[in-house]
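Have the model open in your viewer and take a slow walk through it with me. We'll start at a loop and work our way around from there.

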Amino acid sequence: MSQIDNHYMQRALSLAEVGRYTAKPNPVVGAVLVRDGHIIAEGFHEQAGQDHAEIMALKKTDAEGATLYVTLEPCSHMGRTAPCCDAVIAAGVTRVVYGMVDPNPQVSGSGLARMVEAGITVDGPVMEAECAALNLGFIKRMRHGLPYVRCKMGMSLDGRTAMASGESKWITGPEARDDVQKWRSASGAVMTGIETVLKDDPGLDARLQMVRVEQPIRVIVDSCLRIPPDAKTLHLPGKVVLATAVTSLQLLADQKSLLDNDNVAIVSCANAEGRVDLAQLLRLLASDYQCNDVLLESGAELAGAMLDAGLVDEVITYIAPKLLGSEARPLFNLRGMTSLSEHVSLAMVDVAMLGKDCRMRSLVKK
């Protein structure tokens with residue numbers, strides 16, 4: 001591949017990002033049509049059920065003899081839209097440069113093969129790591145049947161998330177809180193525990209100004225279904241999933257009103273200890289709700305349980321230049337560690353300053 005190919009693929013990557021908050025549960029994809037050294041059309045995937053990136057670009061121009069740069073292999077199956085590879089062939093495109101193979105088992109190379117059979121020159125992958133980074137959640141759901149889980153924590157410099165009394169507003173500044181809204185908006189679901197709901201009554205909705213957002217599903221882990229029917233999050237636009245160990249036959253009279261709320265779905269996924277089976281819940285979010293990415297915003301107990309079960313892929317910590325003292329609440333409750341060899345290993349991938357606070361992104365080594 002040439003530097004020119006990298007140049008146009010970089011443009012396609014930038015276009016893909018435009019659909020970050022609206023394309024879910026589909027992957028974000030960017031496409032660029034080039035002829036005689038000039039870009040003649042561009043496209044990105046904006047919303048499920050609407051034109052894919054390639055089709056958006058093809059509809060804008062005569063693509064005869066052009067080269068198509070696309071971050072993800074053109075699809076080859078009939079879904080909500082017709083196969084993109086057929087449209088590329090029909091448009092007279094002579095070369096396709098792709099970023100990565102589609103991890104969807106219904107595609108997975110078949111789109112590329114169909115274009116090769118039609119006489120199109122197909123080259124790639126180009127900038128594969130960068131293209132994969134666009135859609136970590138989609139890739140994980142397609143390959144493993146699980147969403148990609150990011151655990152978000154706001155903490156003091158000494159690793160505390162709240163005072164012993166539970167007081168926590170606000171440890172971090174407005175710039176960090178605005179950044180959290182971007183992660184919420186890009187996620188298929190925002191997940192928390194019942195203790196956070198009872199203590200803070202959060203909305204858990206995505207609030208980005210001047211940007212169209214498909215609201216994430218709000219997931220509450222509530223083993224005994226203690227959530228009050230007037231909880232704020234139950235009455236905001238968007239879907240709420242209450243994950244519980246209680247079966248529908250065990251619902252108490254004062255809980256049955258939850259069933260009358262059209263926003264709310266109650267799912268029972270109990271483990272042997274009578275608590276929510278977290279792995280089963282994530283599989284359900286992936287299969288039944290097509291959830292690619294989960295943003296975990298919880299207290300130390302649920303965060304620790306998710307981390308201990310190997311269900312967290314990435315930790316995002318917002319670190320405020322404050323010290324809260326040894327009596328304040330910790331970041332994670334990770335019990336049973338007695339030696340350094342039992343530590344959880346992380347690999348830092350990104351550090352940024354947001355106002356006075358520092359954001360660190362770390363991958364969990366598994």
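Start with Asp201, which sits in the loop between α8 (194-200) and β9 (217-221). This is a predicted model, so treat the backbone angles here as predictions too. Phi of Asp201 is near 50°, a positive value in a residue other than glycine. Is Asp201 buried, exposed or partly exposed? With 35% relative accessibility, Asp201 counts as partly exposed.

Lys24 and Pro25 are joined by a cis peptide bond, with omega at about 10°; Pro25 belongs to the loop between α1 and β1. Another cis peptide bond links Gly124 to Pro125, and its omega is about 0°. Pro125 lies in the loop between β5 (121-123) and α5.

How far apart are the end C-alpha atoms of α1? They are 20 Å apart, and that agrees with the 20 Å that its 14 residues should span at 1.5 Å a residue. Next, look at which residues of α1 are buried: Asp5, Tyr8, Met9, Ala12, Leu13, Leu15 and Ala16. These cover an arc of only 160° around the axis, so they lie on the same side of α1. As for what covers the buried residues, the list includes β1 (30-35), β2 (38-44), β3 (67-72), β4 (95-100) and α5 (128-133).

Nonpolar side chains tend to be buried together in soluble globular proteins. Here the largest nonpolar core has 46 residues, and the members that touch the most others are Met9, Leu33, Leu68, Val88, Val93, Val96 and Met115. Which helix gives the most to this core? Helix α1 (residues 3-16) does, with six residues. Click on Val88 for a closer look: beyond its neighbours within four places in sequence, Val88 is in contact with Glu54, Leu58, Leu68, Val93, Val96, Met115 and Ile120. There is also a second, separate core of 36 residues, with Ile217, Val267, Leu282 and Met360 among its members.

Finally, find the open sheet of nine strands. Its pairing is mixed, and the order is β11-β10-β9-β8-β12-β6-β13-β16-β15. At the edges are β11 (264-268) and β15 (346-354), each pairing on one side only. On average, neighbouring strands of the sheet are turned by 20° against each other, direction ignored. Zoom in on β13 (residues 314-320) and β16 (residues 357-364): these strands run antiparallel and are joined by six bridges. Ile316 stands opposite Arg361 in β16. Helix α7 (residues 174-186) lies across β6 (148-156), β8 (189-193), β12 (293-296), β13, β15 and β16, and α7 runs at about 165° to β13.

Definitions and conventions:
Residues numbered from 1 in each chain as written. Predicted model: local features only at pLDDT ≥ 70, side-chain atom pairs only at ≥ 80, totals over all residues. Heavy atoms only, no water. Core = buried A, V, L, I, M, F, W, Y, C linked by side-chain atoms within 4.5 Å. Buried < 20%, exposed > 50% of the residue type's maximum accessible area, 1.4 Å probe, protein only. Helix = DSSP H or I, 4+ residues; strand = E, 2+ residues; numbered from the N terminus. Contact = heavy atoms within 4.5 Å. Expected span 1.5 Å × (residues − 1). Arc of directions from axis to C-beta. Pairing = 2+ DSSP bridges. Axes fitted to C-alpha atoms, helices over the stretch in contact; angles between N-to-C directions.
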